[in-house]
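Have a look at this chain with me.

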Amino acid sequence: MRNWPIEFSPNTHPSSEYSKFPTNFKGGVLLHNYTNILYSSNAKLKRRGKACAASYLYLIALGDARIDTAKVNAGVSSPAIIEQETFSVLGFVFHRHCTIVVGE
């Protein structure tokens with residue numbers, strides 16, 4: 001038998017600020033826009049790539065926001081900056097998560 005409270009598996013969201021409930025309303029109930037820098041190095045800033053995933057009413061999810069996808073979109077092999085951008089409307093109506101890679 002399990003001890004209470006139940007321990008949930010670790011959150012896999014790439015932005016640690018979104019690891020606890022309620023994350024949908026972080027920063028604003030109606031609109032929310034947030035950018036988080038995950039990685040920074042001294043590589044040259046030549047190209048910029050973006051990869052996004054979106055969710056509609058928590059019923060439909062589309063897209064691919066992986067770092068590798070953003071690197072391929074930009075033709076970047078050595079990232080200088082990796083950012084994560086989150087935008088939502090009423091938290092659950094529309095939610096978009098983008099990964100941005102800048103480098104050479």
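What follows is a short tour of a predicted model.

Let's start at the surface. One of its members, L59, sits in the loop that runs between strand 2 (47–56) and strand 3 (60–63). L59 counts as exposed because its relative accessibility is 70%, and the cut-off for that class is over 50%.

**The rings**

Y56 also leads us to the aromatic side chains. The count of aromatic pairs comes to 2. In one of them, Y56 and F94 are 5.3 Å apart centre to centre with 50 degrees between the planes, which makes the pair tilted. That pair ties together distant parts of the chain: Y56 is in strand 2 and F94 is in strand 5 (residues 94–103), 38 residues apart. How does F94 come out, buried or exposed? F94 is buried, because its relative accessibility is 18% and the cut-off is under 20%. Ring pairs join Y56, F87 and F94 into a cluster.

Here are the accessibility values side by side:

| Residue | Relative accessibility | Class |
|---|---|---|
| L59 | 70% | exposed |
| F94 | 18% | buried |
| I82 | 8% | buried |

**Inside strand 4**

Now for the last row of that table and its neighbour. I82 has its place in strand 4, and with 8% relative accessibility it counts as buried. Setting aside neighbours within four places in sequence, I82 is in contact with N36, I37, L38, Y39, I67, T99, I100 and V101. I82 and R48 are 34 residues apart in sequence, and their C-alpha atoms are 9.8 Å apart in space.

E83 lies in strand 4 as well, which spans residues 79–89. Which side chain of opposite charge is nearest to E83? That is R48, 5.0 Å away. E83 has no salt bridge, even though it is buried; the cut-off for such a bridge is within 4 Å. Not counting residues up to four places away in sequence, E83 touches T35, N36, I37, L38, C98, T99 and I100.

Definitions and conventions: Residues are numbered from 1 along each chain as its sequence is written. This is a predicted model: local features need pLDDT of at least 70, side-chain atom pairs count only at pLDDT 80 or more; totals for chains, interfaces and linings use all residues. Side-chain values use heavy atoms; hydrogens and water are left out. Helices (H or I, at least four residues) and strands (E, at least two) are DSSP runs, numbered from the N terminus. Buried means under 20% relative accessible area, exposed over 50%, partly exposed in between (1.4 Å probe, protein chains only). Rings of Phe, Tyr and Trp (its six-membered ring) pair if their centres lie within 6.5 Å; planes under 30 degrees apart count as stacked, over 60 as edge-to-face and the rest as tilted. Lys and Arg count as positive and Asp and Glu as negative; His and the chain ends are not counted. Contact means heavy atoms within 4.5 Å.
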